[in-house]
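This report examines charged side chains in a protein model. Please consult the sequence and the coordinates alongside the text.

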Amino acid sequence: MRSNSGLRTWSGAARRATTGGIAVLLLAPVLAGCSSDPSDDVRAAAQAFLDDWTAGRTDAAAGLTTDAAATRTLLDQTATDLPDATLAADLGDVTVDDDTATVAWRATWDLAASPDWSYPASLSLTEAGDGWQVVAAPTVVHPDLGEGQHLVLSRSLAERAPITDATGAPLFTETEVVNVGVDKSKVTDLPALAGGLAAATGVSAEEITADVTAAPDGQFVPVITLRRPDFEAIRAQVFDLPGAVFPTSTRLLAPSSRFGLALLGRVGDATQEVIDETPGDDGEPLFAAGDDLGLSGLQRAFQAQLAGTPGFTVSVASSDETVDDAGEVIDTVDPVPGTPVQTPLVPALQNAADAAVATQPLATHLVVVRPGTGDVLAVSSNEAANPANALSGQFPPGSSMKTMTATALLGAGALTPASPVPCPGTTTVEGREFENEDQFDLGTVPLIEAFAESCNTTFIQQGLTLPDDALAEAAASYGVGSDWQLPVGIFSGDVPADATGTTKAADQIGQGQVLMSPAQMALVAAGIASGTPAAPVEVVGAAPAGAAPTGPAAAVLDQLRPMMRQVVLTGTATALTDRGDVHGKTGTAEFGDKTPPDSHGWFVGYRLGGPQGDLAFAVLVEAGQSSSVAVGVADAFLGAL
């Protein structure tokens, strides 16, 4: 009860007191109960209204106003005007004037795909018979909103920042594209049109026919978006087909559709040809921080940084659509451009890698790493391959694992490259026979020759003399098994430390339970080349992916490097003898349950010097059946440089 009501009660009681003192005695407790500050009741009423509104209980909130129906319409319209937005409300000062009051508050809207929108507002309240009510008015929503008006929200795109190469030059640039499609009104023979487009583009005729049939008259029906050179290659096949149309536009694209795909990622759809077709309120494509929009790789990992922050404008417009009301702008926030992400990619190396893997019809990967730094310089997979396998694939490494088996053997100190070791055609472990390719038998030869010729039996026999965890420790010295913390994950490999018997024997030659990715094998080669194994680097200036591997002892690497050079000079990779100072190790890795089993082809190595500096790399040809195909890809790569 307000204090001025208490005064009115006092006035009446005073008149009654003239007839006896008892009325005055009874007045004291009445005054004590009616003198509380009315601002507490006002605040509670305003808070109840805002609590219901912010919680989405619009019916309940409207019921706390002087016109429930009008307020319900107002709040529902605001929810439509600000789709998917949520409201937070903070109460401020309360002012009471007799039976009316004003409550200041701050509205903060969490807008979808836009920054928060915050503004000061106020609620007017009036005292009703049983309490305080919010006065129904458009100003409940915003102080500048008038009768018959509603809010209009339009978003504006931020400028998307580029992903750049090692020099800071953008890798994705605006590129002309041709949108191959169909104008339904111009079609004279749909089956013939669909067949012609299908033959040229690879999109199925059935899909084209269905899309055109379902489209409304006058609507452009997209079939495929092609870069200008790709379109020119099929122009003669499609240009004169009745109903086919070819509007042009520009898109933000990498230099080629496969360029660094595993690392950079896709933009929008599976072809890397579309930024995003989800329109904003202005009809333009919209990137929203935190949305993946079909992105992958670094495009997704750094979406918020690259996309920046969209801006917005809020204006008022007439709720009567027949009234021409341009609308008064009541608030605007400019978009904030994104921040670039720099990679260590070198376009010349990436292009050479892309050209090299393209020589193979089988799924093929090539990863290039800078010795000493771990910088990922190129990541390439051909059309037949799943690009993710270049970084995160898990494959048996075959004899390329002998780089780590040799590390363990040399580190144990019992052998040197010159040590004589037997290389029989077969060897038996716990009843299981292991053999060299075609069971070749070298007799007793220096370890360096057994390595160069990739003698399985030698490395099985010698590896079994080591402690069970020796191979795992040697691999770990190159970073194998590390938990790399990267924006795009790299499988660091798995070498069991407790293998025994036939599993331990198979592990020595990269079979058994050993698994590696092309990226990790490139890192192993880089560690051998530099003597200082490093954690992988996908983004320049990013936090380290993990602690740098300890690396083998320098004396071990000094012995291992000539062994890898001998592979190229006289061993299984002589096709690379004219490609400079190349060191490496071939690998043929059996997999599957066929008889005989299929095999992956590997080449892992490094080249010192050359126009691009020291380079370490790993090539994997899935189901290549022989390491020779991987050597061929390495030859094409180095030759292109």
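The sections below treat the basis of the analysis, the salt bridges and a charged surface patch.

## Basis of the analysis

The model is predicted: local features require pLDDT of at least 70 and side-chain atom pairs pLDDT 80 or more, whereas totals for chains, interfaces and linings use all residues. Residues are numbered from 1 along each chain as its sequence is written, and side-chain values use heavy atoms, with hydrogens and water left out.

## Salt bridges between separate elements

The search of the whole structure returns 13 salt bridges, each defined as a side-chain nitrogen of Lys or Arg within 4 Å of a carboxyl oxygen of Asp or Glu. One of them pairs D217 with K184 at 3.9 Å, N to O. D217 is in the loop between α7 (205-214) and β8 (220-227) and K184 in the loop between β7 (173-183) and α6 (190-201), so this contact ties together parts 33 residues apart in sequence. Helices (H or I, at least four residues) and strands (E, at least two) are DSSP runs numbered from the N terminus. D217 is exposed at 70% relative accessibility, while K184 is partly exposed at 23%; buried denotes under 20% relative accessible area, exposed over 50%, and partly exposed the range in between (1.4 Å probe, protein chains only).

D468 and K504 form a further salt bridge, at 2.9 Å, N to O. Distant parts of the chain are linked here: D468 belongs to the loop between α16 (456-463) and α17 (470-476), and K504 to helix α18 (residues 501-508), 36 residues apart. K504 is buried, with a relative accessible area of 6%, whereas D468 is partly exposed at 36%.

## A helix-strand pair and a network

R565 and D581 meet in a salt bridge of 3.8 Å, N to O. Because R565 lies in helix α20 (residues 554-569) and D581 in strand β20 (residues 581-591), the pair ties together parts 16 residues apart in sequence. D581 is partly exposed, with a relative accessible area of 32%.

## Negative surface patch

Which residues form a negative surface patch? The members are E433, E435, E437, D438 and E590. Patch residues have over 30% relative accessible area and no salt bridge, with like charges joined within 9 Å and nonpolar side chains (Val, Leu, Ile, Met, Phe, Trp, Tyr) within 5 Å. Within this group, E435 lies in strand β18 (residues 432-435) and is partly exposed, with a relative accessible area of 38%.

Key: Accessible areas come from the Shrake-Rupley method with a 1.4 Å probe; for residues, only the protein chains shown count as cover. Lys and Arg count as positive and Asp and Glu as negative; His and the chain ends are not counted. The place of a charge is taken as NZ of Lys, CZ of Arg, CG of Asp or CD of Glu.
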